[in-house]
Amino acid sequence: MDTYTSFFSIFRLYKNSISLNLDDVYWYRFVLSFPPHLVREYLKRFGINSRHRVLDPFCGAGTTIVECKKLGIPAVGIEANPLAHFVAQVKIDWSPDPDELIQHSEYVAERARAQLEADGIEDDPLFPSMQRADAIRNLRTLEPDVMHLLLKNSISPLPLHKVLVLLDTLKTYADQRFERHQRLALAKALPNAIGNLHFGPEVGVGPAKPDTPVIAAWLEGVATIARDLRHLRHLNHTEAMICHADARSIGDVLEPASIDAVITSPPYPNEKDYTRTTRLESVLLGFIRSKSDLRALKHHLIRSNTRNVYTSDDDDQWIAHHPHIQHLADVIESRRRELGKTSGFERLYARVTRLYFGGMARHLAQLRTVLRPGAQLAYVVGDQASYFRVMIQTGALLADIARQLGYDLVGIDLFRTRIATATRMQLREEIVVLRWPG
């Protein structure tokens, strides 16, 4: 029995032996996702059941929609990031037969391994780095313009070659029943198991992996999906959908008065470029192919950091007469001048603060058209001190904006506290609870 036959045997035992993790469909999660139990707590608190419809307008990897579908509650998500939209769509598709998914994935793995061996490259999970010297000199790679979209050294040349071979093999032997789930399994493996990324407060590049098993990492993700599908297929009847759209233009994609509850976590106002967190997967899976693709994506996001601010942005008009936000932006600008900070990014801190809260005001204004009278809302947000250590009390400011737009403020619940990495300040994460009276 060769190494790969042995691995497939272990693979089958693995996927049959683990029971469902009820806390999540752990097929892919963003580092900044909120926990599934929080969704369940507020669904219960709001008294939401199968007669209602839930919205997550910043749905990310789809945690809210997944939890609703598990409970038989109709739900819809809005997501502007194409990779996140893809992830969330796949995570709510529980139709594939798990045994056939495993069988087809094993076949693809064997074909990809055969291609690598023909190229003089091994992808042995037990003995990596056993490669022929001539093969290393002829590795596949991306076009230079596409490579420049990636964080430098986020994936090493040999693992990149293996990923490209696997992607080509998936395309050659594609089965529409399984293709999306197989691609999602690769998306999950790319950042950590295959790539060189690490995640703290920010995404960064860690020690390079000159070589690492790619096919085995991908099959492990497939095994996780197949395992969960065994438990979830009977729940697939509940309505769930993900719209690829801008959360500031919800009225364009949802029918009026169709939503009973909102549970979500929008971006926080800070210097985290959320497109960098998923850049490796987005580029390799083809969701971002050029700088223009990246720019188009950023145009549809809330302006939460200086890397996606554009000259034509005008969301700040929505809070032009909000004294607290104007004062906050003025304080940030005054601090910049006091400190003598003159970089292009630092000069944008005050503007991005206005644009962020203006974008959230625009979102909340649009949202009113799709809410039913009495709709209940929970927004998970966090205080920030990224801009010259000026405290931004995000929850309190969003609550004030919501009140001005006609929402009732039910309360602001403490979710947790955290210590800011740079300043060691204690920051609150809160749930702003609102009600739409109609």
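The model is predicted: local features need pLDDT of at least 70, side-chain atom pairs count only at pLDDT 80 or more, and totals for chains, interfaces and linings use all residues. Residues are numbered from 1 along each chain as its sequence is written, and side-chain values use heavy atoms, without hydrogens and water.

**Overall form**

The chain has 16 helices and nine strands. These are DSSP runs, numbered from the N terminus: helices are H or I with at least four residues, strands are E with at least two. For 438 residues, a compact globule would have a radius of gyration near 22 Å; the chain has 23 Å, which agrees. That radius is taken over C-alpha atoms, and the globule rule is 2.2 Å times the number of residues to the power 0.38. Along the principal axes, the C-alpha atoms fill a box of roughly 70 × 55 × 35 Å. Of the 438 residues, 57% are buried. Buried means under 20% relative accessible area, exposed over 50%, and partly exposed in between, with a 1.4 Å probe and protein chains only. Contact means heavy atoms within 4.5 Å. Among contacts between residues at least 6 apart in sequence, 79% join residues at least 24 apart.

**Two helix pairs**

Two packed helices are described by the angle between their axes and the distance between the axes. Axes are lines fitted to C-alpha atoms, for helices over the stretch in contact; angles run from 0 to 180 degrees between N-to-C directions.

| Helix pair | Axes come within | Crossing angle |
|---|---|---|
| H2 (residues 36-46) and H3 (residues 63-70) | 9 Å | roughly 55 degrees |
| H9 (residues 179-194) and H10 (residues 215-232) | 8 Å | roughly 130 degrees |

H9 is therefore oblique to H10. H2 and H3 are oblique to each other too. Angles under 35 degrees count as roughly parallel, over 145 as roughly antiparallel, 65 to 115 as roughly perpendicular, and the rest as oblique.

H2 and H3 cross in a right-handed sense. Right-handed means the near helix is turned clockwise from the far one by less than a right angle; left-handed means anticlockwise. From H2, Pro36, Val39, Arg40 and Leu43 meet Thr63, Thr64, Glu67 and Cys68 of H3. Those residues divide into four nonpolar, two polar and two charged. Ala, Val, Leu, Ile, Met, Phe, Trp, Tyr, Cys and Pro count as nonpolar, Asp, Glu, Lys and Arg as charged, and the others, Gly among them, as polar.

H9 also passes H10 in a right-handed crossing. The H9 side of the contact includes His181, Ala185, Lys188 and Ile194, and the H10 side includes Trp218, Gly221 and Ile225. This contact holds nine nonpolar residues, four polar and one charged.

**An enclosed helix**

Helix H16 (residues 394-404) has eight of its eleven residues buried, so it is largely enclosed by the rest of the structure. Among the buried ones are Leu397, Leu398, Asp400 and Ile401. They pack against helices H14 and H15 and strands S7, S8 and S9. Glycine 406 follows H16 and has a positive phi, near 100 degrees.

**Single residues**

Most residues other than glycine have a negative phi. Phenylalanine 388 has a positive one, near 55 degrees. Arginine 389 is also positive, at about 65 degrees. Phenylalanine 388 is buried at 11% relative accessibility, whereas arginine 389 is exposed at 54%.

Glutamate 100 sits in helix H5 (residues 98-118). Its relative accessibility of 33% makes glutamate 100 partly exposed. Beyond residues up to four places away in sequence, glutamate 100 touches Arg177 and Phe178.
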